[in-house]
Amino acid sequence: MDNCKKPELPEMVKITKVVYENPYVRTFFISRKIDAQPGQFVMVWLPGLDEKPFSLSYAGNKTAITVEEKGKFTNALFKMKTGDKIGIRGPYGNGFTLKADACVVAGGCGVAPLATLIERLKNPLVIQGARSRDRIIFKGRFKGANITTDDGTEGKKGFVTDVLEAQLMKNKFSTVYTCGPEAMMKRVFEICERHGIECEASLERFMKCGFGVCGQCEASGLRVCKDGPVFQSEKLRTIKDFGSFARLKSGEKVAISDYARWRCQ
Amino acid sequence: MNLETSLCGIKLANPVILASGILGVSRALLSEVIRNGAGAVTIKSISLEAREGHKNPTVIAFDAGLMNAVGYSNPGAAAAKKEFAGLKSLGAPVFASIIGQDASEFEKVAEALANLEFSAIEIPLSCPHTPGFGTLAGQDTPEKTREIVRAVIKKTKLPVFVKLSPITRNIGDVARAAEKAGASAITAVNTMGPGMIINIDAKKPVLGFRMGGVSGPALKPVAIRCVYDIYESVKIPIIGTGGVATGRDAIEMMMAGATAIGVGSAVHYRGMDVFKKICSEMSEWMYENGYERFDEITGAAHG
């Protein structure tokens, strides 16, 4: 059959290295090599606790996830050291396309799924934003990145969208790739629409199965885990929930700001 | 080939129905399933109050099927009224699925959803992984089945389908109790078990609830036998559900006694367009074997 009896079970892998990216974010390298498309994600299982999706911030020989400490699950993950084991299944979802002459716009932790994309693209223009200097992730990993901080403690003071607008005045891009807080991605998409430029955004929703059967991560009729998490302009135009609504664990649809608050618990 | 059929007086473009619990969380997603060829769709079960369900992992796949312990997460009856407004325009019948811890809760959910454009109400008395509901609450006995069916029927004019458990002893007796109490159809079957998968490297059961309902290929022969037994016991139609992934599986389920076919786990094996695929395979098989109508197939394996 098309997807013949494909098992989707977690496999226990060793943490081989933990990198402290900043006081709030750590990168966990794992013993399993995962060849994934930039933008794909894995489900991470902490036995007896819970399971959650994380995009791969490194793939291939050095595979890793990059995690911000936010709630109970990431709390427990932050207690883990080299040699400890976590469960992994995947990779899941589609991924970003790899277009030449691209611009990459990353906000906060949203840089994680974009990192392997940036490394695979030829000289993309990178715009990376963070709240402040001590929140920047992967410092020095992307040569020539345009850094912005909300408080001006590093790079340009202001938002990634300001830099994007300015760049679009003087440069031409085929595609703008983006990941970050959904309100930011929505603004990036709107700017792209105004300039008639293709956009690809990686969405985040609460997930269960990760392989397209339960429907939990639904956004306007699309499954973020299977039809996404990366959506191109054509789809983004049809996703009414984009930037507006997301579902809680019960399936209740709420304002995206309420969803974001709930996810931090 | 024309696959049109009728189930309890409800006209279906084809007999392949989305089973409850798969994809049915929103009107928009139901619309996608219908676009992918489903003859009817069933929503994910709704309880009176919102439920978060069990912890992840809640749905996993193993080499012979799927196992889930979602734990009836749903936004509750009030939110469901908003989510499932305007169903007529979807272009295919939509079946409600309602749950309760006792007959009066079933009644209240049926009442709450009464003004929506559902074509039938399914009541699963057979979930194997949610304390307070289904088999874990003993709702699968003939007595409880009779009590709950009677309560729901009082609150609705719609046909009521009763979804049975494959682990129930003498499933024909439960089906007969449902029929006598006024049910219009039997959905057979729910997931079986509960089963358990342990990750030996973690020394822990994988599912958050530790155990869960088994569906997919592992369930199919059990489901076929259940439908066969039920067909011998009742006159009302059967929606044969459990491991159907191909047109041949669907024909097999019909020969056991099914009038319509429920499909769920096969979305994993063959994609969202599994409904279209099953339909075209059924019609191909019927053409090659000289069948023109489903009533020549339903129950053909009996006698």
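Me: How many of the 265 residues of chain A count as buried, and what makes a residue buried?
Reply: In this predicted model, 50% of the residues of chain A count as buried. The label requires 20 or more other C-beta atoms within 10 Å of the residue's own.

Me: Why is K14(A) called partly exposed?
Reply: K14(A) has 13 C-beta neighbours inside 10 Å. A residue with 12 or fewer would be exposed and one with 20 or more would be buried, so K14(A) takes the label in between, partly exposed.

Me: Where is K14(A) found, and with which residues is it in contact beyond its neighbours within four places in sequence?
Reply: K14(A) belongs to strand β1 of chain A, which covers residues 11–22. Its contacts, once those neighbours are left aside, are I30(A), S31(A), G83(A) and K85(A). Here a contact means C-beta atoms within 7 Å.

Me: How do you know whether the radius of gyration of chain A agrees with that of a compact globule?
Reply: For 265 residues, a compact globule would have a radius of gyration near 18 Å; the value for chain A is 18 Å, and therefore the two agree. The C-alpha atoms of chain A fill a box of roughly 50 × 40 × 35 Å along the principal axes. Six helices and 17 strands are assigned in chain A.

Me: What makes α3(A) and α4(A) roughly parallel or roughly perpendicular to each other?
Reply: Helix α3 (residues 160–170) and helix α4 (residues 182–195) of chain A pack at an angle of about 15°, with their axes 10 Å apart. Angles under 35 degrees count as roughly parallel, and therefore α3(A) and α4(A) are roughly parallel to each other. Their crossing is right-handed. Among the residues that meet are L164(A) and L168(A) from α3(A), and V188(A) and I191(A) from α4(A).

Me: At what angle do the axes of helix α7 and helix α9 of chain B cross, and what is that arrangement called?
Reply: The axes of α7 (residues 247–256) and α9 (residues 274–288) of chain B come within 7 Å and cross at roughly 70°. That angle lies in the range of 65 to 115 degrees, so α7(B) is roughly perpendicular to α9(B). This crossing is right-handed. On the side of α7(B), the residues that meet α9(B) include R248(B) and I251(B); on the side of α9(B), they include M282(B) and W285(B).

Me: How do you know whether chain B agrees with the rule for a compact globule?
Reply: A compact globule with 303 residues would have a radius of gyration near 19 Å; chain B has 18 Å, which agrees. Buried residues account for 62% of the chain B total. Chain B has nine helices and 16 strands.

Me: What confidence does the predictor give the complex and chain B?
Reply: The complex receives an ipTM of 0.95 and a pTM of 0.96. For chain B the mean pLDDT is 97, and 100% of its residues reach 70 or more.

Conventions. Residues are numbered from 1 along each chain as its sequence is written. Chains are lettered from A and ligands numbered from 1 in the order in which they are written. This is a predicted model: local features need pLDDT of at least 70, side-chain atom pairs count only at pLDDT 80 or more; totals for chains, interfaces and linings use all residues. pLDDT is the predictor's confidence in each residue, from 0 to 100. Helices (H or I, at least four residues) and strands (E, at least two) are DSSP runs, numbered from the N terminus. The radius of gyration is taken over C-alpha atoms; the globule rule is 2.2 Å times the number of residues to the power 0.38. Axes are lines fitted to C-alpha atoms, for helices over the stretch in contact, and angles run from 0 to 180 degrees between N-to-C directions. Angles under 35 degrees count as roughly parallel, over 145 as roughly antiparallel, 65 to 115 as roughly perpendicular and the rest as oblique. A crossing is left-handed if the near helix is turned anticlockwise from the far one by less than a right angle, and right-handed if clockwise. Two residues are in contact if their C-beta atoms, placed from the backbone, lie within 7 Å.
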